[in-house]
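Thank you all for coming. Let me put the structure up on the screen, and then I will take you through it piece by piece.

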2 protein chains.
Amino acid sequence: MAVYTEFTDEDFADFIAGYDLGAVLSVKGIAEGVENSNYLLATEAGQFILTLYEKRVEPADLPFFLGLMEHLAGRGITCPLPVHNRGGNILGRLADRPAAIVTFLQGLSSRRPRAGHCAELGRAMAELHLAGEGFGLARPNALSVEGWRPLFETCDTRADDVLKGLGEQIVAELDFLEKSWPQDLPSGIIHADLFPDNVFFLGDRLSGLIDFYFACNDTFAYDIAITLNAWCFEADCSLNVTKARALIAAYDEIRPLTSAEIAALPILARGAALRFLLTRLFDWLTVPAGALVVPKDPLEYYKKLRFHRHVTSAGDYGFTR
Amino acid sequence: MAVYTEFTDEDFADFIAGYDLGAVLSVKGIAEGVENSNYLLATEAGQFILTLYEKRVEPADLPFFLGLMEHLAGRGITCPLPVHNRGGNILGRLADRPAAIVTFLQGLSSRRPRAGHCAELGRAMAELHLAGEGFGLARPNALSVEGWRPLFETCDTRADDVLKGLGEQIVAELDFLEKSWPQDLPSGIIHADLFPDNVFFLGDRLSGLIDFYFACNDTFAYDIAITLNAWCFEADCSLNVTKARALIAAYDEIRPLTSAEIAALPILARGAALRFLLTRLFDWLTVPAGALVVPKDPLEYYKKLRFHRHVTSAGDYGFTR
């Protein structure tokens, strides 16, 4: 949850005057997103989300993120659509930060997804991957295999403060994944952070995808691997095979997986688990005193990683063809 | 800012099924209110605020607060109106906490009120005081003069950690105020926490009052004293006499002040400054590590208190008749 930046009445009035949205009816900071400050904005023209980009977002990446949302929305994906200001721009400045207004999406994120939710997600993710085609900008995934070791080295000496022996296990995992990481799988635009928080439902139907601030170009199946970790484990970190099968099979119906992708799922899932273990470990060890965000438990992903180590094929995720 | 309590999908579905509000379209935790968890709820029936009452609110007081809002809304005050559930109740339970749904009010709180805002506030506060008449429940003000010394005694030994000599000054102030506190001024229902956060504007017009969780029976003019402190000082803690005059004069137009009330304003303002100094001091000294709320600076109110000590009459606030 986060509202890191507040703005003065005057700055806000100046900013909003640049848009053709009528009078402002309310602005409420919302407890959503850990990277940026988000406000729910109601105007005579409707409801919107106003985002102020905080320091963890690289300003040079914003045209990619916002342009991608516009591209995807134009291709029928229900994602936030950036609003152009009177100058034709989708990126402005407020309170000395980059800021943008996007359309508001109805829906609720599921705190405890069921198999039906996982199937809806699988379909929507496949549609997202297909719709990304033709987007003119590219952004490498800074949090793929090449980025993990440098990230770990910023906090390796303290990993064992979290769990004895954790540092050594991570090094072994890095050695293995760097040697074995699959190359040349089908790739394109992926969301890379499709956690339940970022997926909305109305009733049982998926109603929208949000938070494209980790989107990048990478292996499509890596996005499946991320969601497998984020959606298909129970609270005790055991895999729910019914959910995993629902997710992968629904994806496969829309964008049929190649046999190479299917074969690579276990190692991709292992890599995805390590990626979130590492970023959570970093956050855990570097969270400043008095921070507004409670860091998430890195060991959740350590347990998931250990699970994937023993997986031999996608059949262990319930998926066979 | 605060969302202290999250609820499961199932608990929320059960709770909302008790209301006749149609399908839920979104629920977003909002970064507003430091005492409770607040969600902006959109349903087919409109927009609402869902509040989960956390431990700082006494459950026995909730019928007073919610009943008061209903009473005031019925008298034409634009405040949140509690929604009755199918059982006819305005108070339910969610995630093991008392919970209520109230109507959503449009408007923006002013981060830097101008004199025009102060005049609007003065009028609305006078209307609120008049509209409270006839409300059937009563609630003593636990944070009036009798409550200050016991509150101070919970943290007196550490007051000097905040400012050398602060403890001694507070004791002298308590001695003086307990002896001199005015009795028998006109009284009734007061809001007791009309800070700018709790007052909404659309353009220059006041559009609503929220957050009645400190409302109580007390001297009307004490409410004026609270707002004089909260609205009429500049960032450097100097009084803006134009704003103070606007506030008091606008109030006086709707509910003419008695000469006893006018004479008592300086001591009431001094008491109100001490009240917020003490609660902020308590919060400052007792905030737990890792808290989601950054405590407010108690010394802001120490400076205001020192100002009021040198005030000799309401004329120093710009108000003469």
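In strand S9 of chain A, Arg205(A) is the bridge partner of Leu202(A). Before I go on, please keep in mind that this is a predicted model, in which local features need pLDDT of at least 70 and side-chain atom pairs count only at pLDDT 80 or more, while totals for chains, interfaces and linings use all residues. Residues are numbered from 1 along each chain as its sequence is written, and chains are lettered from A and ligands numbered from 1 in the order in which they are written.

Strand S8 (residues 199-202) of chain A and S9(A) run antiparallel and are joined by four bridges; strands and helices here are DSSP runs, numbered from the N terminus, with at least two residues (E) for a strand and at least four (H or I) for a helix, and two strands pair if DSSP finds at least two bridges between them. These strands belong to an open, antiparallel sheet of three strands in chain A, ordered S6-S8-S9, whose edge strands, S6 (108-109) and S9 (205-209) of chain A, each pair on one side only. Helix H3 (residues 115-131) of chain A packs on this sheet, touching S8 and S9 of chain A, and its direction makes about 45° with that of S9(A); contact means that C-beta atoms, placed from the backbone, lie within 7 Å, and angles run from 0 to 180 degrees between N-to-C directions, with axes fitted to C-alpha atoms, for helices over the stretch in contact.

Chain A also has an open sheet of five strands in the order S1-S2-S3-S5-S4, again with antiparallel pairing. Strands S1 (24-29) and S4 (92-94) of chain A stand at its edges with a single partner strand each, so one side of each has no neighbour in the sheet. From one strand to the next, the twist averages 35°. S4(A) pairs with strand S5 (residues 97-103) of chain A over three bridges in the antiparallel sense, and there Leu94(A) stands opposite Arg97(A) in S5(A).

Turning to chain B, how far apart are the axes of helix H7 (residues 220-231) of chain B and H9(B)? They lie 8 Å apart, and the two helices pack at an angle of about 60°, which makes H7(B) oblique to H9(B); oblique covers what is left once angles under 35 degrees are called roughly parallel, over 145 roughly antiparallel and 65 to 115 roughly perpendicular. Among the residues of H7(B) in this contact are Tyr222(B) and Leu228(B), and those of H9(B) include Leu268(B) and Phe276(B). By class, the contact of H7(B) with H9(B) has 13 nonpolar, two polar and one charged residues, where Ala, Val, Leu, Ile, Met, Phe, Trp, Tyr, Cys and Pro count as nonpolar, Asp, Glu, Lys and Arg as charged, and the others, Gly among them, as polar.

Finally, how do the two chains relate to each other? The contact takes 23 residues from chain B and 23 residues from chain A, and strand S1 (residues 24-29) of chain B gives the most to its chain's side, with six residues.

Terms used. Two residues are in contact if their C-beta atoms, placed from the backbone, lie within 7 Å.
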